[in-house]
Amino acid sequence: MSLAVGTKTGYRLFSVTSVDKLDCIHESTETPDVYIVERLFSSSLVVVVSQSVPRRMNVYHFKKGTEICNYSYSNNILAVRLNRQRLVVCLEESIYIHNIKDMKLLKTLLNTPSNPSGLCALSINHSNSFLAYPGSDTIGEIIVYDANNLSTVTMIPAHDSPLAAITFSASGTKLASASERGTVIRVFSIPEGLRLFEFRRGMKRYVNISSLSFSPDAQFLCASSNTETVHIFKLEQHSPSGEEEAPSWSAYVGKMFTAASSYLPAQVSGMMSQDRAFATVRLQMTGQKNVCALAIIQKLPRLLVASSDGQLFIYNIDPQDGGECTLVQKHRLFGSDKDLEETEKSELPEPPQACQSYAATVAIPTSGPVTATLTGYSEDGGAKKGEVIPEHEFAAGPVCLDDETEFPPVSIR
């Protein structure tokens with residue numbers, strides 16, 4: 001998997017192919033104070049936004065060291081999301097949807113509910129390019145939008161409080177959400193919007209959920225917050241007959257709770273029927289913003305937690321019994337750590353390509369990068385002029401990329 005890190009001096013791109021080694025495959029110091037850096041899977045395309053020019057998005061081919069294009073918007077850019085078909089730019093009260101093939105602006109969603117944190121999610125599955133964003137700034141409504149067909153799919157009444165985190169599964173068929181209270185995490189089916197799972201993170205205190213992330217197979221969901229604990233939930237579907245193939249203690253207790261629920265107040269019985277964390281991690285720090293992700297590294301399931309102070313923690317997960325996860329490695333993402341200096345000397349060889357990568361097929365104008373200013377609604381504004389990717393590149397599907405995996409990079413500011 002890949003990791004993108006924005007720093008005060010620029011940004012860094014890492015490749016995490018083993019637990020013990022963290023490879024810094026690219027570092028840029030040309031743009032200071034980078035607070036958004038998004039890489040398109042493991043391709044050469046990277047999108048960067050700097051605090052010095054917070055309304056401008058720059059798109060680079062980092063292996064060539066060239067700028068493909070840049071766009072300016074009417075307000076500060078709060079988030080950027082991308083997959084093989086779409087590039088989405090989120091402002092506080094509007095969302096811009098670009099065609100990633102030629103960076104043409106396809107749709108502008110104006111007057112969206114106030115979204116000061118830039119909360120939004122885009123499915124990485126190009127066939128299900130669903131976009132999710134808050135439908136209200138007072139309650140936890142989620143608007144699910146089809147970014148391929150440019151139409152609203154559904155509205156999900158997910159929580160009573162405003163949203164704090166949303167994320168899609170890799171296939172785009174599940175959506176997880178948490179509210180500002182941070183006590184309950186819910187999972188919905190997409191596009192139907194039906195509630196599939198409900199997990200209780202805790203009842204004693206409200207917390208700020210900083211990230212949610214599905215495992216690549218959508219069997220697990222991890223949640224990190226401003227507390228010292230990361231929770232991992234298991235998405236288990238019970239058999240239609242209601243019988244367990246291998247009865248366990250937890251299943252037995254669950255049946256006892258179900259039987260007892262008819263004698264309890266509705267609020268209490270609802271809490272008892274909710275699943276709790278399958279596995280947990282006790283972090284070495286607390287109160288810092290962090291991002292969590294589940295990945296397969298060296299053929300084993302791992303939990304990765306990147307903290308705002310520049311540390312990456314890698315934990316082992318027991319997919320059968322869960323419990324407390326084991327810390328197996330810790331890396332520095334920036335700073336003068338000796339381990340980091342050693343990894344910077346090593347660069348990964350470029351993987352073999354069956355066809356050109358996306359960034360390699362975009363023609364760079366001889367007069368310099370394309371610049372466009374988007375100040376309002378425009379169905380066709382922002383189109384790149386000059387040569388773009390030939391149509392035959394899309395004949396058998398989306399553009400071919402030099403991806404290491406289908407799982408997108410994890411980004412941290």
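1. In which sense do β24 and β25 pair, and over how many bridges? The two strands pair in the antiparallel sense, over eight bridges, where pairing requires that DSSP find at least two bridges between two strands, and where strands (E, at least two residues) and helices (H or I, at least four residues) are DSSP runs numbered from the N terminus. Within this pair, C292 stands opposite V305 in β25.

2. On provenance, this is a predicted model, in which local features need pLDDT of at least 70 and side-chain atom pairs count only at pLDDT 80 or more, while totals for chains, interfaces and linings use all residues. Residues are numbered from 1 along each chain as its sequence is written, and side-chain values use heavy atoms, with hydrogens and water left out.

3. Confidence deserves a careful reading: the mean pLDDT of the chain (the predictor's confidence in each residue, from 0 to 100) is 78, and 71% of the residues reach 70 or more. Over residues 239-273 the pLDDT is below 50, and beyond near neighbours in sequence this stretch has nine contacts in the model, a contact meaning heavy atoms within 4.5 Å. Residues 339-368 also have pLDDT under 50, and for them the model has 57 contacts beyond four places in sequence.

4. As to overall make-up, the chain has four helices and 30 strands, and buried residues make up 53% of its 413 residues; buried means under 20% relative accessible area, exposed over 50%, and partly exposed in between, with a 1.4 Å probe and protein chains only. Of the contacts between residues at least 6 apart in sequence, 50% join residues at least 24 apart. The chain exposes about 18,900 Å², of which carbon and sulfur atoms supply 49%, as computed by the Shrake-Rupley method with a 1.4 Å probe.

5. Returning to the hairpin, β24 and β25 have two residues between them, and Q298 in the turn has a positive phi of about 55°. K299, in the loop between β24 (290-297) and β25 (300-307), likewise has a positive phi, of about 65°, although it is not a glycine, and K299 is exposed, with a relative accessible area of 79%. Seven of the eight residues of β24 are buried, so this strand is largely enclosed by the rest of the structure.

6. An open sheet is formed by four strands in the order β16-β17-β18-β19, with antiparallel pairing. Its edge strands are β16 (163-168) and β19, each of which pairs on one side only. Neighbouring strands of this sheet are turned by 15° against each other on average, direction ignored, the axes being lines fitted to C-alpha atoms and the angles running from 0 to 180 degrees between N-to-C directions. Inside the sheet, five bridges join β17 (residues 174-179) to β18, and A178 stands opposite I185 in β18.

7. A cis peptide bond, with omega about 15°, joins I190 and P191, and P191 is found in the loop between β18 (184-189) and β19 (195-200). L150 lies in the loop between β14 (140-146) and β15 (151-159); phi of this non-glycine residue is positive, near 55°, and L150 is partly exposed, with a relative accessible area of 27%.

8. Finally, S43 is found in the loop between β4 (34-39) and β5 (45-50), yet S43 is buried, with a relative accessible area of 0%. A polar atom of the S43 side chain lies 3.2 Å from the backbone nitrogen of L45.

Terms used. A polar contact is a pair of N or O atoms within 3.5 Å; within protein, one must be able to donate a hydrogen and the other to accept it, and residues adjacent in sequence count only if both atoms are side-chain atoms.
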